[in-house]
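Trainee: I would like to go through this structure term by term. Can we set each value against its definition?

Mentor: Good plan. Let us look.

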Amino acid sequence: MDYQAVLEEVAAHVKPQVGRGRVAQYIPALASVDAERFGIALADVDGHVAGVGDWERPFSMQSISKAFSLGLVLAEDGEKLWRRVGREPSGNPFNSLVQLEYEHGIPRNPFINAGALVVTDRLHTLTGDASTTMLDFLRAESGNPDLAFDQEVAASETAHGDRNAALAHFMAGYGNLDNPVPTVLEHYFWQCSIEMSCRDLALAGGFLARHGLRADGSRLLSRSEAKRVNAVMLTCGTYDAAGDFAYRVGLPGKSGVGGGIVAVVPGRCTLCVWSPGLDARGNSVAGVAALDHFTTLTGWSVF
């Protein structure tokens with residue numbers, strides 16, 4: 001398949017939707033991003049990459065980081081994590097406090113903010129430095145040693161992170177955090193602040209398309225574990241719009257409020273699309289449309 005030609009057709013098809021939606025406002029450092037940006041990249045399982053538009057322009061990965069932290073914890077700790085976080089869609093906003101109350105401090109899944117805080121907490125316990133562990137992993141898998149934290153974004157999230165702090169303190173009250181709340185929050189915000197391009201993210205997510213194999217051929221996850229990460233991405237990776245995303249796109253995906261979405265075609269490739277304009281549920285308007293058109297053109301879907 002001519003990846004470049006397919007991506008160019010996708011970009012042309014969604015061009016009228018680029019700029020629609022609203023750039024994330026609740027993190028001031030993200031509010032100034034140009035909504036007219038659009039990029040898409042595809043990395044196949046052999047590491048060949050194609051891209052269109054702003055595909056090499058770095059952006060804040062935000063909640064896409066949650067897919068990588070989940071993979072790193074499962075690699076180190078196996079099934080133990082699932083005693084502390086569920087695997088079901090939330091049906092509520094990604095930063096909701098309501099669900100934690102009647103589920104006794106156990107987050108519904110690892111991709112809502114509460115669940116991601118538990119995963120970060122566990123990764124920190126296992127490694128001693130959750131955020132640096134993730135950054136090192138992403139540098140290795142993307143082949144980009146220059147990846148870095150965005151200090152302005154991390155500071156902005158910290159200054160406006162009251163809801164995340166409330167989630168963390170609530171779970172700590174139920175004994176579901178091992179590390180001090182400020183430590184967990186610090187590493188969570190640093191992880192979300194990492195700047196990556198579509199190219200970087202498509203390459204870094206390749207282990208999920210290769211059934212758990214890293215870029216160097218070593219095994220990070222078993223085939224079963226990789227399958228499970230992809231399954232949770234399909235059912236929970238796009239906040240409370242996961243059903244619509246599965247219906248339209250038909251791939252495991254993880255979105256972030258920076259406007260990026262990573263999607264996985266198991267056994268074939270990983271895609272990353274970026275367009276900062278978000279819908280009401282926090283997913284990129286043009287990004288979802290692009291992935292929808294990609295699977296329509298190629299027939300590549302898990303269904």
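Mentor: One definition to begin with: a residue is buried when its relative accessible area is under 20%, exposed when it is over 50%, and partly exposed in between. Keep in mind that this is a predicted model.

Trainee: Why is Gln 62 called buried?

Mentor: The relative accessible area of Gln 62 is 3%. The cut-off for buried is under 20%. So Gln 62 counts as buried.

Trainee: Where is Gln 62 found, and what does Gln 62 touch?

Mentor: Gln 62 is in the loop between β3 (59–60) and α3 (65–77). Leaving out residues up to four places away in sequence, Gln 62 touches Ile 27, Leu 30, Val 153, Glu 157, Cys 192, Gly 256, Val 257 and Gly 258.

Trainee: What makes the approach of the Gln 62 and Glu 157 side chains a polar contact?

Mentor: The distance is 3.0 Å. A polar contact needs a pair of N or O atoms within 3.5 Å, one able to donate a hydrogen and the other to accept it. The two side chains make such a contact.

Trainee: On to the sheet. Which strands form it, and in what order?

Mentor: Five strands, in the order β2-β1-β8-β7-β6, with antiparallel pairing. The sheet is open.

Trainee: Why are β2 and β6 said to stand at the edges?

Mentor: β2 (49–53) and β6 (253–255) each have a single partner strand, so one side of each has no neighbour in the sheet. On average, neighbouring strands of this sheet are turned by 10° against each other, direction ignored.

Trainee: How do you know that β1 and β8 pair?

Mentor: Pairing takes at least two bridges. Strand β1 (residues 39–44) and strand β8 (residues 269–274) have six bridges, in the antiparallel sense.

Trainee: Which helix lies across β1, β2 and β8?

Mentor: Helix α1 (residues 3–14), which runs at about 25° to β2.

Trainee: Now the charged pairs. What makes Arg 122 and Asp 77 a salt bridge?

Mentor: The rule asks for a side-chain nitrogen of Lys or Arg within 4 Å of a carboxyl oxygen of Asp or Glu. Here the N to O distance is 2.6 Å. The pair links distant parts of the chain: Arg 122 is in helix α5 (residues 113–127), Asp 77 is in helix α3, and they are 45 residues apart. Both Arg 122 and Asp 77 are buried.

Trainee: How many salt bridges does the rule give?

Mentor: The count comes to 11. Asp 34, Arg 37 and Asp 54 are linked in a network of them.

Trainee: Last topic, the rings. How many aromatic pairs are found?

Mentor: Eight, from a search of the whole structure.

Trainee: Why is the pair of Phe 149 and Trp 190 called edge-to-face?

Mentor: Centres must lie within 6.5 Å to pair, and planes over 60 degrees apart count as edge-to-face. Phe 149 and Trp 190 are 5.2 Å centre to centre, with 65° between the planes. Phe 149 is in strand β4 (residues 148–149) and Trp 190 in helix α9.

Methods:
Residues numbered from 1 in each chain as written. Predicted model: local features only at pLDDT ≥ 70, side-chain atom pairs only at ≥ 80, totals over all residues. Heavy atoms only, no water. Helix = DSSP H or I, 4+ residues; strand = E, 2+ residues; numbered from the N terminus. Buried < 20%, exposed > 50% of the residue type's maximum accessible area, 1.4 Å probe, protein only. Contact = heavy atoms within 4.5 Å. Axes fitted to C-alpha atoms, helices over the stretch in contact; angles between N-to-C directions. Phe/Tyr/Trp six-rings, centres within 6.5 Å; stacked < 30°, edge-to-face > 60°.
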